[in-house]
Amino acid sequence: MAQLAKRDAGVAFDGAASDSPHASKRQRKRNSRKSADESASTSAHATSEETPLKNGTARPPDVQELGPYEVTPRVPRHEPEKSPKSQAKSTRAVETPSKEKGQTIDMTMWEDISTDNTKALAVKTKPSKVSETPSKSKKAQPVSSDWSLSRGHGGTFIEQDPIFTSDNQFLIIPTHSDVKIFSTKTSLLVRSFQVDNKSDITNCALSTADPSRLYVSNSRGLLSMWDWVSGVILRKQELGRGVQQVLPIHSQDKKEIVLVLQQSEGKGTSAVAFAVDTATNQFNQLQVVLQRNLRLSSIQAHAQGSILVASARDRILVGQSQLTADGGLDLTYTWREISFPGSIISFDAQINIGKSKTSRKVPFLDVAVGLQNGAIIHYEDVLFKLIGREKKNLNQDIVGRKLHWHRTSVNTLKWSRDRNYLISGGDETVLVIWQLDTNQKQFLPHLSTSILGLTVSASGSSYALRLGDNSIMVLSTADLLPSTNINGLALGDTQHHRAPVALHPTAENRLFAAIPANPVTKGSLRGKSSTLLQSYDLESDLQIGRQALTRNMTTALNVAPSGQSVQEPNVTQIAVSHDGKWLATVDEWQPNDQDLDARYIEADASRDRGSATETSLRLWTVNDNDNTWELVTRVDEPHKPGPHSILGLAVSPTRLEMATIGSDANIRLWSPKARHRNGVAVRNSSNEQLYTWTCSRTIPCEQDASGRTEAATWAALVYSDDGSVLAGSWSWQSDSTRFVHLIDPRTGQISLSQPDLLHQGDGKMEFSGRYLVCLSQMLTVYDTLTSQVTSTISLDPALVSPQSQAPSFLAVNKLDGTVAVSISRSQKPRSTKVLVLNISGGEIKPLHEISFPGTIRSLLASTTAPGFLIVDDRNVLRSLKPSGSQVITSVISRSLTTHEPEQVTKGLDNIFGRAGVNTVAGTDGVVEDENVGGDVMKQSLTNEDATTSSRDLNSVLRIVSSTQAPSPAELFQRVVGVLAKR
């Protein structure tokens, strides 16, 4: 040990200058120890035998017993002998063969991300650890710059009504990071531009002087002017404080006055007027128009800016000014208030010119206010009444007309262009049109989600609705039929859990997500349970389809007789089979607590009440005719009843088999069998065989739950790349040793149980070839062939549990073997850090590191090309890919595995001491098990390689919209890349 410690001291000076007086001395010492080290390594390699643990065999002398499981100790890992030439060229990452002898990669430098990736990923090695690697591997592995994070697309629309252009041909819809321009004729994205990547967009407004100009404000205090037709920025103005709203109120002679609503000190709000020169694009601050020690929600301008109407929590403020003789605007306003007994949610005002019978100076101002209790208060000629009350010095309130149909808050309220109708919307999914003269109402029901915003076009021929499922719908006012539908990704709040999303294994850019009906609705009594399946195209940002996965209360009355909302089932997990033809979903439903009071007494434990939870496993098959999923099998209570009874779902990568891991310490395997009736195969209308999914095997692991009365809270389950190994692990609230079990799915036998690969709590596991990657509070790489921990990476404790409640993610791209790890900070300021590693051949090499604000909801490995997909907490999609990966075929990806040793290419079957199973990539597996009780699906093999080139060429030439079109040079390189691989 002393000699090895001296060796580390010598290695630590490898980066010193060659002209050091001690350099030659150290070199002679290393050369003298080199031959002794090689002979010792050869001798140890010859005497050590890596015999996997088999069931039914005697325990080898080097196997210890820990609790109920047999554990193979971590012995030093030895590499096969190499030629001197190859040994000189090879470099190895830092490894940890055991707790006594090993080396830990300390990644606590993630706390401060440097702009220089090479310096940011400098590995800090502990001097007390011992390493057997050559001195070259001691140096920090530089981060490759070949990886890049794409610009975010998709995203959640902000709380602002859509903006119609003057010709009604386009819709301007901002997200938190981008401003998007959509065509009202095709519903496709025409243009988008990013304003600022350091803060969020808060508001947008079209210029009254030039309709092609757009004002954009953000939370950092940046006010910018854009030409939305060309996407070119014209001017930026730093205001110093966060801007809530920007509003052009007056224009004259290429001069425009813009009102900016921004935060002031404390909880106050101020409205500041700016003069904008449209010729030079210069901003000049004029004066403060309104200053209040309360938070104003929005402000409107009428009569060329001479009338301002603002809303606060429980009051409406009306400001009056005068136009000068030369047509200018006097910015000195007189403010008057109207108080309300409830909270104001929405309002709209108009100047009713038709009611003016005299030439009085005070305009006819009508104001409609929507309250939180569902009532609408309509005030006619409110400014004249306020002035009259002020002159008479009266304290009585102005009485308005009350309209009440909504059960909950009035989310949006607008006047029609002919000033005769009010249009309102709320959480009832019903659009209500109020005819004020006749006191009649017209309804447009069953919009499937809450109505959050409404805009009436300038011509009055269209309504643009912003809905609670992150979508925009344009209706014709003539027949109330939709003409435009714009749908974004609608993932809801997952409450510190992984979002139920999955990528299609064969179709490119196809994402499946379990979504709630109203993910962006705030303060709604309707639950946020995920009840729908959304099929989303990542390339074109379009929703392909949406269907129900469980029973839901989307368009029904969602209030029980007791007044509580009716709970809906929640889809917690989804998975797609390796051929993309089967879908598995897990949903849970739990009744309200008061509905269970009659069944239990106060002395009953909480776990007894939780047993009323209903859990279902549903299996769906794809219908190619209408691109929907049809329910084939529903399994009620697949595991022991209780809350969160299914903690994990995994699909086999080679055959039709799915596995569930439950809180009862059991793993169940599910496979299809042919459906027969009276000995005759049951077929559908297309003469296709019908199947039913059943449990083919149950793998008990009661030893993990021995001595515990509570159910497991976390679990991880994953198949190996060839489907020959199933890794599972449970975690309980009580602190104890956590085991990772390696299971043979064909026999159901636990072949190996390894402790301390995962900490208690949320843990993730993924296979990368022969290596099992485990993520909890540390990142551990375990070699399943040698039963050794090869490497351990320490993560930033502020970004992992228990300090951070945000979930961590682990993904492995099966095409190139790269591993992506993400950890997030749940406390403000929230941030996420993603690291891409390469552990092929046992070496750990950091490839890329990136940090961005906010947390993420999912990290997925691309199934058709190298790279990863990141979905953040605002539904923004980003692709993390290596350079030159635009056109990658599965044939090239499979060739990457030829660099592995021969024992890896044979699969992981050697762990269990049996012959390998020959599988054909890209074919459907045939499951034959006597426990199934019938025949199972058998499909003909397909020659995937013959169609790979044509499929990739179609994907290259597929250009959905002008924003997705690459440059001619880039398109040429893509086509040449495909044709060269035929």
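Me: How many cavities of 30 Å³ or more does the count give here?

Reply: Rolling a probe the size of a water molecule over the atoms shows where empty space is left. A cavity is a set of points, on a 1 Å grid over the protein atoms alone, where a 1.4 Å probe fits but cannot get out. By this rule there are five cavities of 30 Å³ or more. The model is predicted, so local features need pLDDT of at least 70 and side-chain atom pairs count only at pLDDT 80 or more, while totals for chains, interfaces and linings use all residues. Residues are numbered from 1 along each chain as its sequence is written, and side-chain values use heavy atoms, with hydrogens and water left out.

Me: How much space lies in the second largest cavity, and which residues line it?

Reply: A volume is the space filled by probe spheres set on the points, with grid points joined across faces, edges and corners. For the second largest cavity this gives about 90 Å³. Lining residues have an atom within 4 Å of a point. Among those of the second largest cavity are Gly-154, Phe-157, Lys-180, Ile-486, Tyr-536 and Asp-541. Two elements, β8 (178-183) and β33 (482-487), each give two or more residues to this lining. Helices (H or I, at least four residues) and strands (E, at least two) are DSSP runs, numbered from the N terminus.

Me: How do the lining residues of that cavity divide by type?

Reply: Ala, Val, Leu, Ile, Met, Phe, Trp, Tyr, Cys and Pro count as nonpolar, Asp, Glu, Lys and Arg as charged, and the others, Gly among them, as polar. The lining of the second largest cavity has five nonpolar, five polar and two charged residues.

Me: How many aromatic pairs are there?

Reply: Rings of Phe, Tyr and Trp (its six-membered ring) pair if their centres lie within 6.5 Å; planes under 30 degrees apart count as stacked, over 60 as edge-to-face and the rest as tilted. The count comes to nine aromatic pairs. One of them, Trp-147 with Phe-868, is stacked, at 6.2 Å centre to centre and 25° between the planes. Trp-147 lies in strand β4 (residues 147-149) and Phe-868 in strand β61 (residues 868-872), so the pair ties together parts that are 721 residues apart in sequence.

Me: Are Trp-147 and Phe-868 buried or exposed?

Reply: Buried means under 20% relative accessible area, exposed over 50%, and partly exposed in between (1.4 Å probe, protein chains only). Both Trp-147 and Phe-868 are buried. Another pair, Trp-405 with Phe-443, is tilted, at 5.1 Å centre to centre with 40° between the planes. Trp-405 is in the loop between β25 (401-404) and β26 (410-415), and Phe-443 is in strand β29 (residues 440-444), 38 residues away. Trp-405 is partly exposed at 28% relative accessible area, and Phe-443 is partly exposed at 36%.

Me: Over which ring does the charged end of Arg-551 sit?

Reply: A charge sits over a ring if NZ of Lys or CZ of Arg is within 6 Å of the ring centre and within 35 degrees of the ring normal. The charged end of Arg-551 sits over the ring of Trp-589, 5.0 Å from its centre. Lys-764 places its charged end over the ring of Phe-809, 6.0 Å from the centre.

Me: With which side chain does Asn-875 make a polar contact?

Reply: A polar contact is a pair of N or O atoms within 3.5 Å; within protein, one must be able to donate a hydrogen and the other to accept it, and residues adjacent in sequence count only if both atoms are side-chain atoms. The partner of the Asn-875 side chain is the side chain of Arg-857, at 2.7 Å. Asn-875 lies in the loop between β61 and β62 (876-882) and is buried, at 1% relative accessibility.

Me: Where are there cis peptide bonds?

Reply: A cis bond joins Ser-801 and Pro-802, with omega about 5°. Pro-802 is in the loop between β55 (788-794) and β56 (809-812). The bond from Lys-828 to Pro-829 is also cis, with omega near -5°, and Pro-829 is in the loop between β57 (818-825) and β58 (831-838).

Me: What is the phi of Asp-253?

Reply: Asp-253 has a positive phi of about 50°, although it is not a glycine. Asp-253 is in the loop between β14 (243-252) and β15 (255-263), and is exposed at 65% relative accessible area. Asn-627 has a positive phi near 60°; Asn-627 lies in the loop between β40 (614-623) and β41 (628-636) and is partly exposed, at 42% relative accessibility.

Note on methods:
1 Å grid on protein atoms, 1.4 Å probe; cavity = no way out; pocket = protein on both sides within 12 Å on 5 of 7 lines; lining within 4 Å.
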